[in-house]
Amino acid sequence: MADILIASVVSRMASELSRRLAGVCARTPDSTDLAQELAESPADLTILDDGFAAPHTLDLLVELRQFFPNLPVIYCLDPDAGGKLVQRLLLELKVNELLFHPISCDTLAQRVASLLGLPWAPDDSATAGHQAVIKGRLAEVWNRARSRMIERLDVLDQAGVALLEGRLGSELRKQAESDAHKLAGSLGIFELAAGTRFAQEIERSLRCDSLRSEAQARRFSELAAALRLEIERSPAVQAPWGQASSDPGPRPALLVGCDSELVARLCEEAAARGWRWEAAPDMSAARTVLSSLNPSAVLVDIDSVASTGEPVAVLSELSEGLPPLPTLILTSGGNLMDRVEVARSGGLGFFPKTLPPGEIVEAALGLLDRLQSARSQVLAVDDDPVVLEALAALLDPSGIRLTGLSDPLRFWEALEGSPPDLLVLDIEMPSLSGIELCRVVRNDPRWASIPVIFLTGVTESGTVHQVFASGADDFVAKPIVGPELVTRITNRLERTRLLRNVVEVDTLSGLPNRLKSRRAFADFLDLADRHGQPMGLAVLGVDGLGRINEVYGQATGDEVLRQLGRCLRRAFRSEEVVARWAGNDFRVGMYGLDRPGSIRRLEGVFRTLAEQTFVGSGMEEFHATLSGGVAGYPDDASDLDGLLRAADDARRRANAGGVNQLLAASFSSDDPDGPRLIDLAVATGDKATASVLLHAFESEGFRARALRNGVAAARMLAGADTRLRARVLVIDLDLPGLDGLTLLRQLAVDGVLDDTRAIVISPASVGKEAALALELGAGDLIAKPFDVPVLVKLVRQALDSPRLPGRSHTTGQRHPVTSDVTAVRERP
Amino acid sequence: MSKRILIIDDEEDIRDVAQISLEEMAGWHTLPAVSGADGVTCAQVELPDAILLDVMMPDMDGTTVLARLKEDRRTAGIPVILLTAKVQVARRPPFGGAAGVILKPFDPFDLAGQVARLLGWNLPVPGTES
C-alpha cells in the first residue's frame with residue numbers, strides 16, 4: 001500500500017485520492033505537526049500545497065530535501081506564482097510535478113498514479129473532460145437563472161422590511177416562504193451550498209411563525225442580506241464552470257474607500273457584466289486583501305483615502321507592486337489633487353463619482369482591455385477541454401493569455417476575432433485535423449509568419465514529418481510537461497517580438513516608431529472619446545539639433561536623442577504612448593490629462609534633459625534644451641489628425657519663439673463643437689466695467705468675452721456642455737440671473753477653477769461674501785467702488801502668471817512655460 | 001434503446017439542470033413538463049421509463065400528481081421519484097407509492113447516479129449511449 005502525505009488547503013484531496021486510486025493510503029497532517037511528520041515518517045509520495053503552511057511551505061520542502069533528496073514530491077501553487085519560484089522548485093528543489101490551482105482531482109490522481117507506477121483510469125462516473133462539458137452547460141443555466149434568483153431575493157427583502165415595520169401581511173409572507181423554499185432547493189445545485197443554508201433558515205423562520213420580536217426580524221434581514229451576497233458574488237459557479245477553457249473574464253477589482261451605497265451600485269453594475277468587485281473600507285484593509293484577492297484593478301476613492309493618508313503615497317504603493325496594479329481614481333471633483341501628480345504616481349484614469357456606476361464599470365473594463373492587449377495572446381485548438389484548461393493555467397503565470405477553442409470548425413472565426421501571437425494546435429481532432437488547419441493558416445499571407453506549435457500524442461516519424469511539412473514551427477509531445485511547453489512558447493513569442501520590434505521600434509531611442517504609435521494614439525483617443533476623458537498630445541524635439549550635429553559631431557547629436565528617448569521612457573508609463581516619429585520628432589500621448597496637465601507633466605522631462613551635461617567630439621561640454629507643442633483632446637481637436645496638427649502648429653510657434661519653450665495649441669480649434677479657448681471672460685452686469693476690460697485686452701491681442709448674465713455664464717463655463725474655457729475669469733458677485741457666489745460654487749465643483757484664475761468683484765472687501773468667495777477658490781478680490789485701472793492691472797497679472805497660484809509644486813522654473821503664446825507677447 | 005425520463009417541475013432552472021445531468025451523465029432522454037397537469041398528460045401519452053416529480057408546485061402539487069398517476073392503469077407501473085427540498089418528506093417513507101425521494105438541492109453530477117441506485121438500473125458509461 002502506497003503511503004501519501006498530503007499537506008494541502010484542498011481538504012478533499014486525501015479522500016478523493018483514496019477513492020480513485022486502489023492501493024493508496026492518503027493522510028493529512030495538522031499544519032503545526034507537518035515538519036515533524038515529514039521528518040519522522042516519510043511517505044512514498046508527498047504532496048505540498050504552497051498555501052498550506054504559508055509562508056513557510058517552501059522552507060519545509062527545503063528541509064525535507066536535506067534528509068530525503070529523492071523522495072517524490074508534488075508541489076501545488078497559485079497560477080500567479082513567479083517564474084523564479086517555479087524555477088527554484090523544479091531545478092533546485094527537484095520537485096517531481098508542479099500543479100497549479102485550481103487542481104482537478106482527476107489531474108492529481110493521474111499524476112500520483114504515474115509517479116507511483118499505479119494503474120489509473122478516469123473517474124468512473126464521468127471523465128474530467130466530460131465534466132467540463134456538463135459544467136459549461138450548467139453555467140449557462142446559472143447565467144439564465146441568476147436574475148430570477150435575484151427577483152426572489154427582492155421579495156425576501158420586501159418581507160424583511162415589512163417585518164421590521166411590523167406589517168408583514170399573510171400574502172407577502174406566503175410569497176416569501178415559497179421563494180425562500182425555491183432558493184433553498186436550487187442554490188445548492190449551483191454550488192452555492194451556503195446560499196441553500198441561508199434560504200432554509202429564512203424559510204423555517206417564515207413557516208414557524210417565529211417572527212414576533214424585533215431581534216428575529218433583524219435576523220431575517222441579515223439572512224436575506226447574506227443570501228444576496230452569496231448569490232451576487234457567486235464566483236464558485238461562474239469561474240470554474242465552463243468558462244475556464246475560453247475567457248476566464250477579468251479577475252476581481254478592488255474598491256478602496258468608497259461609501260457603502262456606491263460600493264453596492266458599482267458591484268451590481270460590475271456583476272451584470274460578469275465582473276466581480278470587492279470592497280475595502282480603507283488602505284489598511286486593502287493591503288490585507290490584496291495578495292489573496294489578486295485583483296485585476298483597484299479603484300480608489302481619493303477623497304476618502306486622502307483624508308487618512310498621503311494620496312500620492314497610496315497610489316505609488318499600489319502601482320509599484322509587481323506586476324503594477326492598474327489604479328483608477330474616483331473623485332467628487334472640486335478640490336481634487338492634481339491630475340499630473342496622480343498620473344505620475346501611477347493612476348490610470350479619473351472618474352467623477354457623479355458618473356453613472358454603469359459607465360464607471362464600462363470605462364474600467366475598457367482600460368483593462370487596453371492593458372490586457374499588451375499581453376501576448378495564444379490561441380490553442382484542442383478537442384480536449386482538459387488540455388486547454390491545463391494550458392491556460394500553465395501560461396497564465398508568464399503573462400500569456402490563452403484562448404482555448406475545442407471546436408476546430410470555429411477556428412477561423414476565433415483567429416480573426418482576436419488575432420493571436422502564436423497558435424497551438426492538436427493533430428487529431430474529430431472534424432478537422434491540426435495539420436489541415438496549419439496549411440490553411442500558412443496559405444493566408446496575413447498569417448504566414450505566426451508561430452505554430454503542435455501538441456500531440458502521436459510521435460511516429462511519418463506524422464512528425466507531415467506536421468513540419470504543413471508549416472509548423474515546433475512540435476511538443478503529450479502528455480504536456482509544463483515547464484518545457486512554457487519555455488518553448490515563450491521563446492517563440494520572444495523571437496516574434498524581436499522581429500516585430502525591428503519594424504515597429506526605432507533603434508536609436510528605443511521608442512516605438514510612427515507605424516506602431518499612431519495606432520496606439522488612435523486607440524487611446526477612442527477610449528478617451530468613449531469615456532469622456534481628456535487626452536494630451538505633445539510634439540517635441542531637441543533645440544538646434546542641426547547645430548549640435550555640426551558643432552559637436554553627429555555621434556553627439558545621436559547621444560542627445562538617445563538621452564531624450566531615455567528621459568521619455570522613464571517619465572511615462574506604458575499606458576502613455578511615447579514615440580519617435582522622425583529624426584528630431586518625438587510624440588507623447590497622455591491619456592487622462594488635459595492640455596495644462598500635459599504641459600505640467602512634460603516640464604519634468606524638459607528639466608531633466610536640460611540638467612544633463614553632454615560632451616562633444618572635442619570634449620567640450622554643453623547642455624541641450626527642448627521645445628515643443630501640446631494639444632488637448634477634446635479642447636483643441638476632436639480627432640487624431642486635428643490634434644496632431646494643433647500640436648505641430650504649437651511646436652512651430654515655439655521654435656519660432658526661441659528655445660526651451662513648451663507651448664499649448666492656441667485657439668484655432670478646428671472643432672466648432674468643442675469649447676472655445678479664450679484668455680479672459682468677464683461676467684458682470686455692469687456694461688461699463690465689461691467694455692473697459694474687453695477694450696483694454698482685446699486691443700493687446702487677447703481673446704476676451706463678456707457674459708452679462710449669471711445663468712448664461714454658468715451654461716457657457718460649467719457643466720457637461722462647456723462652451724467656453726477662459727484662463728482668467730472676472731466675476732461680479734452682484735450678477736444678474738444667477739448670483740456670482742452661486743456661479744463660483746458651480747465652477748469650483750466642476751473643477752473649472754483648477755485651471756482658471758477667478759477674480760471676484762465684491763460689494764465689500766470684508767464680510768461674509770468676500771470670505772466665501774475666497775474660500776471657494778477665487779484667486780483675487782476687488783471691492784466696490786474700485787479704480788478700473790486697478791482691475792485691469794489685476795487681470796494683466798493673472799494673464800501673465802504662467803501657472804496658477806496654489807499649485808504647490810512650483811519648482812524652480814528654468815524655461816518659460818505658458819499655456820498660450822499670446823500671453824507672453826510683448827506689451828507696449 | 002435509451003431510457004426516457006419525464007421531469008415534472010415548475011421551475012425552468014431545475015428542469016434544465018436535471019435534463020443536462022441525466023442526458024450528459026447517463027445518456028438518458030428527458031421529457032420536460034412545466035406543471036403537474038402537464039406532467040400527468042405527458043406521462044399518459046409518452047409512457048416514460050421513470051418520472052422525476054417536484055413536490056411543491058403551484059397548481060397541482062406533487063402528491064396529487066402522484067395519486068393521479070397511480071390511479072391511472074397506464075401510468076401506475078411507472079416508477080416515480082419525488083424531488084423535494086423538504087427534509088420531512090424525505091424522512092417519511094413510503095411516500096404514497098413513490099419509488100424514492102431525492103432531496104433538493106441535488107448534486108448535478110450525481111443525479112443520474114441517485115436515480116439509477118433508487119431504481120436498480122445500471123448507469124451507462126457516459127458518452128457510449130448518447
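Analyst: What follows describes one open sheet of chain A, then the chain around it and two further contacts.

The model is predicted. The sheet is built from five strands of chain A, placed in the order β12-β11-β13-β14-β15, and their pairing is parallel. Strands of a sheet pair through backbone hydrogen bonds, in either a parallel or an antiparallel manner. Because β12 (400-405) and β15 (474-477) of chain A each have a single partner strand, they stand at the edges, and one side of each has no neighbour in the sheet. On average, and with direction ignored, neighbouring strands of this sheet are turned by 20 degrees against each other.

Strand β14(A), residues 452-456, runs parallel to β15(A) and is joined to it by four bridges. Across from A:Ile453 stands A:Asp474, a residue of β15(A).

Helix α17(A), residues 385-395, lies across β11 (376-381), β12 and β13 (422-426) of chain A. The direction of α17(A) is at about 175 degrees to β12(A). Helix α19(A), residues 434-443, touches β11, β13 and β14 of chain A. Between α19(A) and β13(A) the angle is about 150 degrees.

As for the chain that holds the sheet, chain A has 31 helices and 28 strands. Of its 828 residues, 41% are buried. Among contacts in chain A with a separation of 6 or more, 66% are between residues 24 or more positions apart.

Chain A also touches chain B: 20 residues of chain A are in contact with 18 residues of chain B. On the chain A side, α6 (128-164) and α7 (170-187) each supply at least two residues, and α6(A) gives the most, with nine residues. By class, that side of chain A has nine nonpolar, eight polar and three charged residues.

Within chain B, helix α1 (residues 12-26) packs against helix α5 (residues 111-119), with axes 8 Å apart and an angle of about 75 degrees. The two helices, α1(B) and α5(B), are therefore roughly perpendicular to each other. From α1(B), the residues B:Ala18, B:Ser21, B:Leu22, B:Met25 and B:Ala26 meet B:Leu111, B:Ala112 and B:Ala116 of α5(B). Seven residues of this contact are nonpolar, one is polar and none is charged.

Note on methods. Residues numbered from 1 in each chain as written. Chains lettered and ligands numbered in written order. Predicted model: local features only at pLDDT ≥ 70, side-chain atom pairs only at ≥ 80, totals over all residues. Axes fitted to C-alpha atoms, helices over the stretch in contact; angles between N-to-C directions. Parallel < 35°, antiparallel > 145°, perpendicular 65-115°, else oblique. Contact = placed C-beta atoms within 7 Å. Nonpolar A, V, L, I, M, F, W, Y, C, P; charged D, E, K, R; others polar. Buried ≥ 20, exposed ≤ 12 C-beta atoms within 10 Å, placed from the backbone. Pairing = 2+ DSSP bridges.
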